[in-house]
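Colleague: I have some questions about how the terms are applied here. Please set each value against its rule.

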Amino acid sequence: MQDKEYMKKYRSKNREKISKQKKEWKKRNPKKVIEYYKRENEKRKTSPEVRKKFLDYQKEYRKNKVEELKKLIGFKCLICGSTKIRFHEIHGKSHKTANYSYTLKHYKDFVPLCFKCHRAIHWLKFYGKKREPLIKQLLDSLTFQYYTV
Ligand SMILES: [Zn+2]
Ligand SMILES: [Zn+2]
């Protein structure tokens with residue numbers, strides 16, 4: 001019998017190979033995959049312990065991915081310098097469905113913006129051209145106060 005330590009070493013050495021095998025197995029057995037997720041979902045619903053474990057895992061996963069992305073893309077809003085940021089995709093693409101792996105793969109197409117500046121950028125993209133004279137008029141009527149960030 002192979003011991004745990006051996007299996008652990010084997011898994012860490014062959015991570016890519018194993019994940020490829022898993023992907024292929026999933027492709028060949030779509031029904032089993034659906035059943036597996038159904039069972040897991042059921043477990044999460046019925047057992048608070050399993051649910052907590054899953055949520056903790058998800059939280060940790062998100063945190064790690066965000067840290068990784070911040071290192072690549074930046075952690076300060078390009079406009080106001082706030083560090084509470086999200087990642088905005090440039091080149092005018094809609095990035096509603098961009099998930100972590102997509103963002104990681106295309107990190108050069110993303111910039112850090114805080115919630116407010118991000119909203120403003122999308123708003124301007126949507127209404128900017130149509131409402132340009134009005135926006136210009138309103139901006140000119142403002143007295144700006146500049147803050148250092
Ligand atoms: Zn900002
Ligand atoms: Zn955006």
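Modeller: Start with Leu 113, which is found in strand β2 (residues 110-114). Helices (H or I, at least four residues) and strands (E, at least two) are DSSP runs, numbered from the N terminus. This is a predicted model: local features need pLDDT of at least 70, side-chain atom pairs count only at pLDDT 80 or more, and totals for chains, interfaces and linings use all residues. Residues are numbered from 1 along each chain as its sequence is written, while chains are lettered from A and ligands numbered from 1 in the order in which they are written.

Colleague: Why does Leu 113 count as buried?

Modeller: A residue is buried if 20 or more other C-beta atoms lie within 10 Å of its own, exposed if 12 or fewer, and partly exposed in between; C-beta atoms are placed from the backbone. Leu 113 has 23 C-beta neighbours inside 10 Å, so the residue counts as buried.

Colleague: Which residues is Leu 113 in contact with, leaving aside its neighbours within four places in sequence?

Modeller: Two residues are in contact if their C-beta atoms, placed from the backbone, lie within 7 Å. For Leu 113, the partners include Cys 77, Leu 78, Ile 85, His 118 and Ile 121. Glu 5 is 108 residues away in sequence from Leu 113, and 45 Å away in space, C-alpha to C-alpha.

Colleague: What makes α4 hardly covered?

Modeller: Of its 26 residues, the count of buried ones is 1. For α2, with 14 residues, that count is 0. In the chain, buried residues make up 6% of the 149 residues.

Colleague: What span is expected for helix α4 (residues 48-73)?

Modeller: The rule is 1.5 Å times one less than the number of residues. For α4 the expected value is 38 Å, and the helix reaches 37 Å from its first C-alpha to its last, which is close. Just after α4, Gly 74 takes a positive phi of about 125 degrees.

Colleague: What radius of gyration does the chain have, against a compact globule of 149 residues?

Modeller: The radius is taken over C-alpha atoms, and the globule rule is 2.2 Å times the number of residues to the power 0.38. That globule would be near 15 Å, but the chain has 23 Å. The C-alpha trace spans about 80 × 30 × 30 Å along its principal axes.
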